[in-house]
Amino acid sequence: MKFSEFFIPTLKEEPGEAEISSHALSLRAGLIRKIASGIYSFLPLGLRVLRKIEEIVRQEMDNAGAIELFLPVLQPSDLWEKSGRWKEYGPEMFRLKDRNKRDFCLGPTHEELITYLAYLDLKSYKDLPVNLYQIQVKFRDEMRPRYGLLRAREFIMKDSYSFCRNDDSLDIIYKKMYNAYCRILERIGLRYRVVEADTGLIGGSSSHEFIILAENGEDKLVFCPECGYSANLEVSGSSPGGGSGSCVNCGKNLKTEKGIEIGHIFKLGSKYSDRLDARFVDVDGKQKPLIMGCYGIGITRMLAAAIEQMHDSKGIVWPVSIAPFAVNLIVTTGKNEEFLKAGDLVYRILTGLDVEVLYDDREVNAGIKFKDSDLIGIPIRFILGRKFLDNKLIDVEYRKDGKKMELSLDSIPGFIKKLNTANNLKSPLNE
RNA sequence: CGGGAUGUAGCGCAGUUUGGUUUAGCGCGCAGCGUUCGGGACGCUGAGGCCGGGGGUUCAAAUCCCCCCAUCCCGACCA
């Protein structure tokens, strides 16, 4: 992609409305723009990152045996009346009426709809277990939207729902989802912890939260450096105000940490199947409620959380896994024919090797290109300057640690191959 | 929903205390021309504002008063 033909409106100055790094940087790097409190447009660069996150999540869901479907955002009130949550959800639910004055809501979550599907089509133990997921936009009229994408009123989430004939079967799927979530976070390259959590309004018996560690996180957790036990501060049994207390497993002192909740998995049991009459016939010929689990991971929140964890004073430092481009190719002068010819050549070589390149061919000073490059945070930078015209040498720099090396034209394929085999450059979309 | 703050050009801000020399300014960005050209370079020229909205007070309001709206932060709550 040529920078001059793409759409990356970067900002030199920090927008006044942004208080934390991820918010400021996602605005400055031209990933998003605000349309109202807690509501954002995704610009092309931001969308590329979202697609990569989605693709990693999708692959891991498929690997874990989940099946993708797509449920509507617009939902009639009936099912919510049945589950009792039309009232329970309160003002956090966006509600509207159709032309016939029927009540609808914009789905804040999808337990009701998916359970209705199960009610319709899961009749026998032979149909089970099933684990269904979607990547869908959610609407929640938050009391206080905050920190840009971290707490938005419209956001994208991967949510899955499993249906089993009994608790043992649920345990197996729950464990699979647990592991899939760990793999997602590891593939993206985030530092995280899994904690025991409160079940909240969703309800159910047991649940775990996946927390991305970050100083600005809203969630507090305790962690035992000794045995690895970790829990949400609310359920750790330690005093919420003062010290972190001692570990329930080994008695050692607990450390408190802060982070951003990115995923949450629940064993729901039969809460929704009971309320919505979702029953199946078991081996013994008897009607039983479907045993459910639900598993959510925030896609748009992941984008923000990743920035929150991975940035420096100059800008974003994307991990290769979700970077909008793998290589930022810079010609130091966009006005000079010789430079542009060289740039075009290297651009063709890289794209020919299936590398996602952002080719900065703009007619602006090199300084601007470097600053933008730092801001946008593409992992690897190829620089073509006078040195290239003289000796045919490309300067290669890593965004993360600033390491530099020189590369000749001939050694580009080898360089890329090495990166690919090190699984360093591959976008999930190309796998 | 309680507490706090802020709305002036696309972005960042000054001007509001004490109403009038301000025709409403500065920096960045944007457009044109020229010089630069490996870390947001320089010069000249130019476009861009119902000072968040409405209502008052006054000879006169960005500035004082009332109401509304929007945005952000803290809290309670939540993925």
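This is a predicted model: local features need pLDDT of at least 70, side-chain atom pairs count only at pLDDT 80 or more; totals for chains, interfaces and linings use all residues.

Biologist: At about what angle does H10 run to E19?
Modeller: H10 runs at about 170° to E19.

Biologist: What is the strand order in the open sheet of five strands?
Modeller: The order is E20-E19-E21-E22-E23, and the pairing is mixed.

Biologist: Which are the edge strands?
Modeller: Strand E20 (357-360) and strand E23 (404-408), each of which pairs on one side only. On average, neighbouring strands of this sheet are turned by 25° against each other, direction ignored.

Biologist: How many bridges pair E21 with E22, and in what sense?
Modeller: Four bridges, in the antiparallel sense. Phe 382 stands opposite Val 396 in E22.

Biologist: And what stands opposite Val 396 in E23?
Modeller: Met 405 does. E22, residues 393-398, pairs with E23 over five bridges, in the antiparallel sense. Another residue to look at is Glu 397, with Lys 404 in E23 as its bridge partner.

Biologist: How many residues lie between the strands in the hairpin of E22 and E23?
Modeller: Five residues lie between them, and Gly 402 in that hairpin takes a positive phi near 75°.

Biologist: Change of topic. How is chain A divided into domains?
Modeller: Domain 1 is 21-219 + 259-312, and domain 2 is 325-430.

Biologist: What separates their centres?
Modeller: 38 Å, with the centres of domain 1 and domain 2 taken over C-alpha atoms. As for contact, 12 residues of domain 1 touch eight residues of domain 2.

Biologist: Now the helices. At what angle do H2 and H8 pack?
Modeller: Helix H2 (residues 44-63) and helix H8 (residues 299-309) pack at about 110°, and their axes are 9 Å apart.

Biologist: Are they roughly parallel or roughly perpendicular?
Modeller: Angles from 65 to 115 degrees count as roughly perpendicular, so H2 and H8 are roughly perpendicular to each other. The crossing of H2 past H8 is right-handed.

Biologist: Which residues meet there?
Modeller: From H2, Gly 46, Val 49, Leu 50, Ile 53, Glu 54 and Val 57; from H8, Ile 299, Thr 300, Met 302 and Leu 303. By class, that contact of H2 with H8 has seven nonpolar, two polar and one charged residues.

Biologist: How do H2 and H6 cross?
Modeller: The axes of H2 and helix H6 (residues 167-188) come within 9 Å, and they cross at roughly 145°. The crossing of H2 and H6 is right-handed.

Biologist: Which residues make the contact?
Modeller: H2 contributes Ile 53, Ile 56, Val 57, Gln 59, Glu 60 and Met 61, while H6 contributes Met 177, Ala 180, Tyr 181, Arg 183, Ile 184, Arg 187 and Ile 188. The classes in the contact of H2 with H6 are nine nonpolar, one polar and three charged residues. Ile 53 and Val 57 of H2 are in this contact, and Ile 53 and Val 57 also meet H8.

Biologist: What about H1 and H8?
Modeller: Helix H1 (residues 21-28) packs with H8 at about 105°, with the axes 8 Å apart. That makes H1 roughly perpendicular to H8. On the H1 side the contact is made by Ser 21, Ser 22, Leu 25 and Ser 26, and on the H8 side by Ala 304, Ile 307 and Glu 308. The contact of H1 with H8 has three nonpolar, three polar and one charged residues.

Biologist: Back to strands. How many bridges join E1 to E2?
Modeller: Four bridges join strand E1 (residues 32-36) to strand E2 (residues 39-42), and the two run antiparallel. Ile 32 stands opposite Phe 42 in E2. In their hairpin, two residues lie between the strands, and Gly 38 takes a positive phi near 75°.

Biologist: Last one. What is the order in the open sheet of three strands?
Modeller: E4-E6-E5, with antiparallel pairing. Its edge strands are E4 (74-76) and E5 (94-97). Neighbouring strands of this sheet are turned by 35° against each other on average, direction ignored. E5 is joined by four bridges to strand E6 (residues 103-106), and Phe 94 stands opposite Leu 106 in E6.

Note on methods
Residues are numbered from 1 along each chain as its sequence is written. Chains are lettered from A and ligands numbered from 1 in the order in which they are written. Side-chain values use heavy atoms; hydrogens and water are left out. Two strands pair if DSSP finds at least two bridges between them. Axes are lines fitted to C-alpha atoms, for helices over the stretch in contact, and angles run from 0 to 180 degrees between N-to-C directions. Contact means heavy atoms within 4.5 Å. Angles under 35 degrees count as roughly parallel, over 145 as roughly antiparallel, 65 to 115 as roughly perpendicular and the rest as oblique. A crossing is left-handed if the near helix is turned anticlockwise from the far one by less than a right angle, and right-handed if clockwise. Ala, Val, Leu, Ile, Met, Phe, Trp, Tyr, Cys and Pro count as nonpolar, Asp, Glu, Lys and Arg as charged, and the others, Gly among them, as polar. Domain bounds come from an automatic or database domain assignment.
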